[in-house]
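Please look over the chain below with its side chains shown.

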Amino acid sequence: MGKQLLNLAPDFDPRTFGFRKFSDVIPKTNQFEVRQAEGGPISIRVKQRGKK
């Protein structure tokens, strides 16, 4: 996901927002579900919106 973002916005830098890594930014947006098994890769998906 980080590489795709850099393709769209090459000037993006998570340090601009006070984070060391892109993976630290994602949970703070509250727009994604983030999971990571111990020592495994990070899994990210868009949160489902509640039905009205």
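A residue counts as exposed when its relative accessible area is over 50% and as buried when that area is under 20%; values in between are partly exposed. Arg-15, with a relative accessible area of 60%, is therefore exposed. The model is predicted. In it, helix 2 has buried residues that pack against helix 1, strand 1 and strand 2. Three Phe rings form a cluster. A search of the whole structure gives 3 salt bridges.

**Helix 2 and its buried side**

- Helix 2 spans residues 22–29, and Phe-22, Val-25 and Ile-26 are buried in it.
- These residues cover an arc of only 105° around the axis, so they sit on the same side of helix 2.
- An α-helix has 3.6 residues a turn, so residues three or four places apart point the same way.
- What do the buried residues of helix 2 pack against? Their partners are helix 1 (2–8), strand 1 (32–36) and strand 2 (42–46).
- Phe-22 counts as buried because its relative accessibility is 19%, and the cut-off is under 20%.

**Aromatic rings**

- The count of aromatic pairs is 2.
- Phe-12 is partly exposed, at a relative accessible area of 22%.
- Ring pairs also bring in Phe-17, which joins Phe-12 and Phe-22 in a cluster.

**Salt bridge in the Asp-13 and Arg-15 pair**

- Side chains of opposite charge can pair when their charged atoms come close.
- Asp-13 and Arg-15 form a salt bridge, with the closest N and O atoms 2.7 Å apart.
- Asp-13 is partly exposed, at 22% relative accessibility.

- Glu-33 meets Arg-45 in a salt bridge of 3.0 Å, N to O.
- Arg-45 lies in strand 2 and Glu-33 in strand 1, so the pair ties together parts that are 12 residues apart in sequence.
- Glu-33 also meets Arg-35 in a salt bridge, at 3.7 Å from N to O.
- Glu-33 is partly exposed, with a relative accessible area of 23%.
- Arg-45 is partly exposed as well, at 47% relative accessibility.
- Arg-35 counts as exposed, at 54% relative accessibility.

**Asn-30, after helix 2**

- Which residue follows helix 2 with a positive phi? That residue is Asn-30.
- The phi of Asn-30 is near 60°, a positive value in a residue other than glycine.
- Asn-30 lies in the loop between helix 2 and strand 1.
- At 51% relative accessibility, Asn-30 counts as exposed, the cut-off being over 50%.

Definitions and conventions. Residues are numbered from 1 along each chain as its sequence is written. This is a predicted model: local features need pLDDT of at least 70, side-chain atom pairs count only at pLDDT 80 or more; totals for chains, interfaces and linings use all residues. Side-chain values use heavy atoms; hydrogens and water are left out. Buried means under 20% relative accessible area, exposed over 50%, partly exposed in between (1.4 Å probe, protein chains only). Helices (H or I, at least four residues) and strands (E, at least two) are DSSP runs, numbered from the N terminus. The arc is that of the directions from the helix axis to the C-beta atoms. Contact means heavy atoms within 4.5 Å. Rings of Phe, Tyr and Trp (its six-membered ring) pair if their centres lie within 6.5 Å; planes under 30 degrees apart count as stacked, over 60 as edge-to-face and the rest as tilted. A salt bridge is a side-chain nitrogen of Lys or Arg within 4 Å of a carboxyl oxygen of Asp or Glu.
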